[in-house]
Amino acid sequence: MQLTVWTYEGPPHVGAMRVCTGLEDVHYVLHAPQGDTYADLLFTMIERRDRRPPVTYTTFQARDLGRDTADIFRAALLDAYDRFKPAAMVVGASCTAELLQDDPAGLAAAAALPIPVCPVELPSYSKKENWGAAETFYRLVRTLAGPHAPAPGTPRPARAAGVRPSCNILGPTALGFRHRDDVIEVTRLLDLLGVDVAVTAPSGASAADLARLGAADFNVVLYPEIAGSAAQWLERTFGQPAVRTVPIGVGATRDFIAEVARVAGVDASAALAEAGSRLPWYSRSVDSTYLTGKRVFIFGDATHVLAAARIAEEELGFSVCGIGTYSREFARDVRACAERLGLEALITDDYLEVEAAIAALRPELVLGTQMERHVAKRLGVPCSVISAPVHVQDFPARHSPQCGFEGANVIFDAWVHPLMMGLEEHLLGMFRDDFEFKNGAAPSHLGHAPEAQGARAAETAETAAPQTGPSWSEDAEKELRKIPFFVRGKARRNTEAFASERSIPVITVEALYDAKAHFGR
């Protein structure tokens with residue numbers, strides 16, 4: 001465990017909360033001190049849910065440590081059952097309560113409740129949130145679907161003639177990045193293929209739904225970080241094949257349709273004919289040719305990082321200059337992707353390492369989490385969020401998926417618009433000294449302020465920092481302002497590095513263009 005200001009993942013009991021909050025009638029009893037109730041805010045404030053997560057905390061305090069804290073857990077368990085009447089319960093301990101070794105599993109078994117109780121042991125000091133979510137979902141699936149499993153070696157019965165194939169969508173949870181909208185898009189794709197969705201889990205499923213997971217013909221593993229281990233168990237136990245292609249991006253969506261068609265034995269032509277994404281044409285159109293070769297840095301969970309790398313290289317013509325993930329369980333997949341791109345993957349959960357990598361690589365676009373958004377803002381680099389952890393603005397009221405053909409449209413807008421924003425500011429800045437322009441004019445979309453504060457913001461930020469290297473002549477500063485704002489910071493840094501290496505004390509217009517020629521080789 002590491003003390004840090006920011007963290008990509010919470011402790012594993014937060015992952016368990018995400019699973020239980022997504023389910024309809026499952027309650028989580030968490031042995032935890034009073035301070036651990038902060039996790040409620042993740043769902044009510046960030047995801048803007050209209051109700052608290054279904055979690056009962058024992059909330060023991062320091063004065064309780066002198067007596068039997070196991071009694072506190074036992075009382076909380078029985079009270080939660082009497083009050084909420086769940087169809088199933090999950091019991092576990094937070095990172096702090098884990099040190100007490102009160103054995104929630106044994107205490108729950110001794111209570112002999114008349115419903116299934118699933119104990120989860122989540123090692124908080126060695127594992128993190130996504131692992132906790134995957135382990136909780138896996139344990140719930142085994143607990144509830146296990147009693148309905150056929151005897152080992154029993155062949156799977158053939159589907160009745162005239163009945164549409166069915167599948168389960170596995171992986172979406174509460175607090176997931178665009179999970180709500182992804183499920184809508186994937187369900188629509190499956191319907192076009194003639195495939196019914198039997199259960200979507202954890203989100204939206206009940207305990208009874210988990211019990212009948214084995215009845216579907218196959219499983220769609222939408223988020224491997226959450227559903228990978230549960231899907232493997234279902235495949236071994238019920239003989240259900242798993243579709244593991246994640247349909248993020250046009251190419252991946254086509255591959256997903258083809259894989260579903262092969263597994264389900266259906267015709268894919270109707271779904272492929274409905275491919276309505278505008279990303280392929282927009283990325284080839286004349287207005288987007290300037291995107292070709294843009295250097296991008298990608299960081300996030302493994303599923304979205306791998307998808308983003310494919311979209312960036314194959315569909316938008318970007319050049320990936322850096323790639324990494326905090327999902328250590330999937331580090332091998334990300335390293336293999338990085339090797340194909342001729343890069344070395346950054347596998348870390350330390351945001352300061354990621355910030356240092358971004359600063360060193362100087363990309364023209366960052367695709368990452370909310371932490372990379374803050375880092376990119378400080379460095380003056382455009383950024384788009386592609387992965388959890390995210391903040392409240394990444395749970396929009398509108399339909400905004402990442403999966404499917406509509407998700408590809410959303411991705412194009414989200415990635416390209418940060419590169420295009422500010423062209424009006426740039427033009428006003430370039431022609432600010434022209435007699436036809438009013439020097440104090442502000443960009444129209446920034447309102448009618450008397451001073452062009454918006455246009456001058458980046459300029460002020462550039463000049464406000466104390467000079468530690470070569471100084472700039474007035475003519476060179478004026479020439480620098482003609483460079484578009486979204487690459488001006490990079491041009492300034494490159495020029496200052498060029499001047500420092502050659503011991504040039506004052507950067508002139510000639511030095512600026514010498515640096516441009518040097519770095520343009």
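Which residues line the second largest cavity? In this predicted model, local features need pLDDT of at least 70 and side-chain atom pairs count only at pLDDT 80 or more, whereas totals for chains, interfaces and linings use all residues. Residues are numbered from 1 along each chain as its sequence is written, and side-chain values use heavy atoms, with hydrogens and water left out.

The second largest cavity is lined by Ile248, His304, Ala307, Ala308, Ile311, Ile386, Gln402, Ile411 and Trp415. Cavities were located on a 1 Å grid over the protein atoms alone, as sets of points where a 1.4 Å probe fits but cannot get out, while a pocket is an open set with protein on both sides within 12 Å along at least five of seven lines; lining residues have an atom within 4 Å of a point. Grid points are joined across faces, edges and corners, and a volume is the space filled by probe spheres set on the points. Helix 12 provides the largest share, 4 residues. The lining comprises 7 nonpolar, 2 polar and no charged residues, where Ala, Val, Leu, Ile, Met, Phe, Trp, Tyr, Cys and Pro count as nonpolar, Asp, Glu, Lys and Arg as charged, and the others, Gly among them, as polar.

Trp415, one of the residues lining that cavity, also belongs to the largest nonpolar core, in which Trp415 and Ile298 touch the most other members out of 102 residues. Such a core is a set of buried Ala, Val, Leu, Ile, Met, Phe, Trp, Tyr and Cys residues joined through side-chain atoms within 4.5 Å, and buried denotes under 20% relative accessible area, against over 50% for exposed and partly exposed in between (1.4 Å probe, protein chains only). Beyond residues up to four places away in sequence, the contacts of Trp415 (heavy atoms within 4.5 Å) include Ala308, Ile311, Leu365 and Ile386.

The second largest pocket holds about 1200 Å³ of space. Of its 50 lining residues, Thr7, Tyr8, Glu9, Gly10 and Glu129 are the closest to its centre. Helix 2 gives the most to this lining, with 4 residues, and the lining divides into 25 nonpolar, 13 polar and 12 charged residues. Helix 1 (12–22) is among the helices that supply at least two lining residues, and 11 of the 11 residues of helix 1 are buried.

His13, a buried residue of helix 1, is touched by Ser94, which also touches Leu30, His31, Ala32, Pro33, Asp36 and Ser124, not counting residues up to four places away in sequence. Ser94 lies in the loop between strand 3 (88–93) and helix 4 (104–111) and is buried, with a relative accessible area of 0%. Thr325, in strand 10 (residues 319–325), likewise counts as buried at 0% relative accessibility, and its side chain reaches the backbone nitrogen of Ser327 at 3.0 Å. In helix 8, Pro224 stands 79 residues from Thr303 in sequence, with a C-alpha to C-alpha separation of 7.1 Å.

Terms used
Polar contact = N/O pair within 3.5 Å; in protein donor to acceptor, adjacent residues only side chain to side chain.
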